Amino acid sequence: MNLRNYLNKIKPNFEKDGKLHAFRSVFDGFETFLYVPNDTSKSGVNIHDSIDSKRIMSMVVIALLPALLFGMYNVGYQNYLAAGTLATAGFCEIFCYGLLAVLPKILVSYIIGLGIEFAWAQWKGEEIQEGYLVSGIIIPMIVPVGCPLWMIAIAVAFAVIIGKEIFGGTGMNIFNVALVARAFLFFSYPTKMSGDTVWVAQDTIFGLGNSLPDTFTCATPLGQLAGGNSVSASLSDAVLGFIPGSIGETSVVAIAIGAVILLWTGIASWRTMLSVVVGGSLMAVVFDQAGQSVAWYEHLVYGGFAFGAVFMATDPVTSCRTNCGKYVYGFIIGALAIIIRVMNPGFPEGMMLAILFGNMMAPLIDHYVVDANIKKRMKRIKL
């Protein structure tokens, strides 16, 4: 209550003709983040929801926390496992190592991204948009732990400016902002985004963890398959997440918890999630029947397939809006991800390119769905 009263007291300074009017967007951003705005529409017919977009973004961040927290633990787990000291390390020691390794990436992502958002809003004289609340936490989760901070900073700046702001900001961007950042890193600095040396943190942090030799290598399951080798990790480890991979993408269980939260709150579309899984499963079965060495269900738990299906393919801004379109959109993403994995060893993951391609096709899919519905209704009128 005291905070609310204080904000009401200083608010006139940020309104028109106030001495701090130039920073109105900054104040509005903090105020609406802390409290649901009570402003009402002045004209026109509007439908008001009980939750605003900032609360939706906050709920997505909450859904991401299980995968993020497990990812932090897995970072420490992989380091101690590689050094052969896992048996002597406790849970807190392993988790704290991962926390200290991942936290700087999250801070850099938010500081750079939100800094640009604030500066852009001030320059344009607009309200600060809340879309980066989600993108800012997803970007560190979809990169290897070995990705340098300065690379993340450049990728974030590129994604926010080129991937979102030049299109008009949140709600107007064509491509998923987090995936734009990952694509920028993948094509600009491929040696830091793939290979056998980037998936395990190799240095001690404040006395925690183990310093591994520079020649140490550790491939992901998809990397092993792309190299023509068999997967060394068990299926249970892949489901639970005890395998090398991007920080937040390894645990199917943690991702499933996030999926339940998103579906229970009605924020994400179950149609998109289901169709991604169905499309990926059917295409994996086709390759399985053609003699591929990987069982179809293993594709669903390796790499970023589950994470992409739950948190990125369902992005309401860059995915299809129509219900029928969501089925088509998700199916294309799931099928294309498996096709890229199997047929192009240069891109062993596949999910990133599949979702970006789906983003590009989403408006066209919606156009034809709406056009088909219009024609169907016109036929009813004629009858």
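**Ground rules.** I take helices (H or I, at least four residues) and strands (E, at least two) as DSSP runs, numbered from the N terminus. The model is predicted, so I keep in mind that local features need pLDDT of at least 70 and side-chain atom pairs count only at pLDDT 80 or more, while totals for chains, interfaces and linings use all residues. Residues are numbered from 1 along each chain as its sequence is written, and side-chain values use heavy atoms, with hydrogens and water left out.

Entry 1: I started with Y327, which sits in helix α14. Y327 has 35% relative accessibility, so I put it down as partly exposed.

Y327 also belongs to a nonpolar surface patch of about 680 Å², together with L263, W270, L274, V278, L282, V328 and F331. The largest share, four residues, comes from α11. For the record, patches are made of residues with over 30% relative accessible area and no salt bridge; like charges are joined within 9 Å, and nonpolar side chains (Val, Leu, Ile, Met, Phe, Trp, Tyr) within 5 Å. The areas come from the Shrake-Rupley method with a 1.4 Å probe, and for residues only the protein chains shown count as cover.

Entry 2: How do α11 and α14 cross? I found that their axes come within 7 Å and cross at roughly 35°. The contact of α11 with α14 has 16 nonpolar, seven polar and two charged residues. Here Ala, Val, Leu, Ile, Met, Phe, Trp, Tyr, Cys and Pro count as nonpolar, Asp, Glu, Lys and Arg as charged, and the others, Gly among them, as polar. The axes are lines fitted to C-alpha atoms, for helices over the stretch in contact, with angles running from 0 to 180 degrees between N-to-C directions.

**Entry 3: an enclosed helix.** Next I turned to α13, residues 305–312. Eight of its eight residues are buried, so the helix is largely enclosed by the rest of the structure. I checked V310 in this helix, and its relative accessible area is 8%, which means buried. V310 and T272 are 38 residues apart in sequence, yet 8.5 Å apart in space, C-alpha to C-alpha.

**Entry 4: salt bridges.** How many salt bridges does a search of the whole structure find? I count a side-chain nitrogen of Lys or Arg within 4 Å of a carboxyl oxygen of Asp or Glu, and the search finds three.

- K164 pairs with E117, the closest N and O atoms being 2.3 Å apart. This pair links distant parts of the chain, 47 residues apart: K164 is in the loop between α6 (149–163) and α7 (177–188), and E117 is in helix α4 (residues 91–124). K164 is buried at 2% relative accessible area, and E117 is buried at 3%.
- R341 pairs with E349, with 3.3 Å between the closest N and O atoms. Both R341 and E349 are buried.
- D371 pairs with K375, again with the closest N and O atoms 3.3 Å apart. Both lie in helix α15 (residues 351–382), four residues apart, about one turn of the helix. An α-helix has 3.6 residues a turn, so residues three or four places apart point the same way. D371 is partly exposed at 27%, while K375 is exposed at 51%.

**Entry 5: the loop between α7 and α8 (221–226).** F206 is in this loop, and I noted its positive phi of about 50°, although it is not a glycine. Most residues other than glycine have a negative phi. F206 is exposed, at 76% relative accessibility.

V198 and P148 are 50 residues apart in sequence and 10.0 Å apart in space, C-alpha to C-alpha.

Conventions: Buried < 20%, exposed > 50% of the residue type's maximum accessible area, 1.4 Å probe, protein only.
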